[in-house]
Amino acid sequence: MICATPNELVAALPRHARLAGLDLGEKTIGIAIGDPGHLVASPLTTIRRSKFTKDATELLRILDERQIGGLIIGLPLNMDGTEGPRCQSVRQFALNLKPMRDLPIAFWDERMSTMAVTRGMIEADLSRAKRAKVVDQSAAAFILQGALDSLHRGR
């Protein structure tokens, strides 16, 4: 089920199910997980991409281990808010995942997520090598946290 908003996604979740956030890059998939109360996102791991089936199998194994009930996937919109080829690729990944596991999925604007995370790591004086190891999972946490925060606005 592709949901229009994180609120729709949470409504479709089994009780106490956690969410995962994905940052789908061309070479890697950054993964973050949320707590059962949908308040806090934490970076988890990064999958080095190869073929879709192998990537999806590894992703689903991780989701099963963590009892994840839904996904927030970063949507790489253009700076003017329009969708380009990368958005099409991300949406296709979600559609291809559906036959393997029918998880509720929502998309979240990921513009500037990697840049914001990288800037924070530079300010924290992390070396380039250390940043490279965690930037994608940290970007996934940034994406997921944005969606989680939106759930609690106006409550």
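Let me start with a term: a residue is buried when its relative accessible area is under 20%, exposed when that is over 50%, and partly exposed in between, using a 1.4 Å probe and protein chains only. Helices (H or I, at least four residues) and strands (E, at least two) are DSSP runs, numbered from the N terminus.

What you see here is a predicted model, in which local features need pLDDT of at least 70 and side-chain atom pairs count only at pLDDT 80 or more, while totals for chains, interfaces and linings use all residues. Residues are numbered from 1 along each chain as its sequence is written, and side-chain values use heavy atoms, with hydrogens and water left out.

I will begin with strand E3. Seven of the seven residues in E3, residues 28–34, are buried, so the strand is largely enclosed by the rest of the structure. Thr28, Gly30, Ala32 and Gly34 point one way, Ile29, Ile31 and Ile33 point the other way, and all are buried. In a regular strand, side chains alternate between the two faces of the sheet.

Next, the partners of E3. Two strands count as paired if DSSP finds at least two bridges between them. Strand E2, residues 18–24, runs antiparallel to E3, with five bridges joining them. Leu24 is opposite Ile29 in E3, and a hairpin of three residues connects E2 to E3. With strand E4, residues 41–48, E3 pairs in the antiparallel sense over seven bridges. There, Gly34 has Ala41 in E4 as its bridge partner. The E3–E4 hairpin has six residues between the strands, and His38 in the turn has a positive phi of about 60 degrees.

Now the salt bridges, meaning a side-chain nitrogen of Lys or Arg within 4 Å of a carboxyl oxygen of Asp or Glu. The whole structure has seven of them. One of these joins Asp55 to Arg49, with the closest N and O atoms 3.7 Å apart. Asp55 is buried at 2% relative accessibility, whereas Arg49 is partly exposed at 25%.

Another links Glu65 and Arg61 at 2.3 Å, N to O. These two are four residues apart in helix H2, residues 52–65, and so are separated by about one helical turn. Glu65 is exposed, at 52%, and Arg61 is partly exposed, at 38%.

Where does the salt bridge from Arg101 lead? To Asp64, with the closest N and O atoms 2.6 Å apart. Arg101 sits in the loop between helix H3 (85–97) and strand E6 (105–109), and Asp64 in helix H2, so the pair ties together parts 37 residues apart in sequence. Finally, salt bridges that share partners join Glu58, Arg61 and Glu65 into one network.
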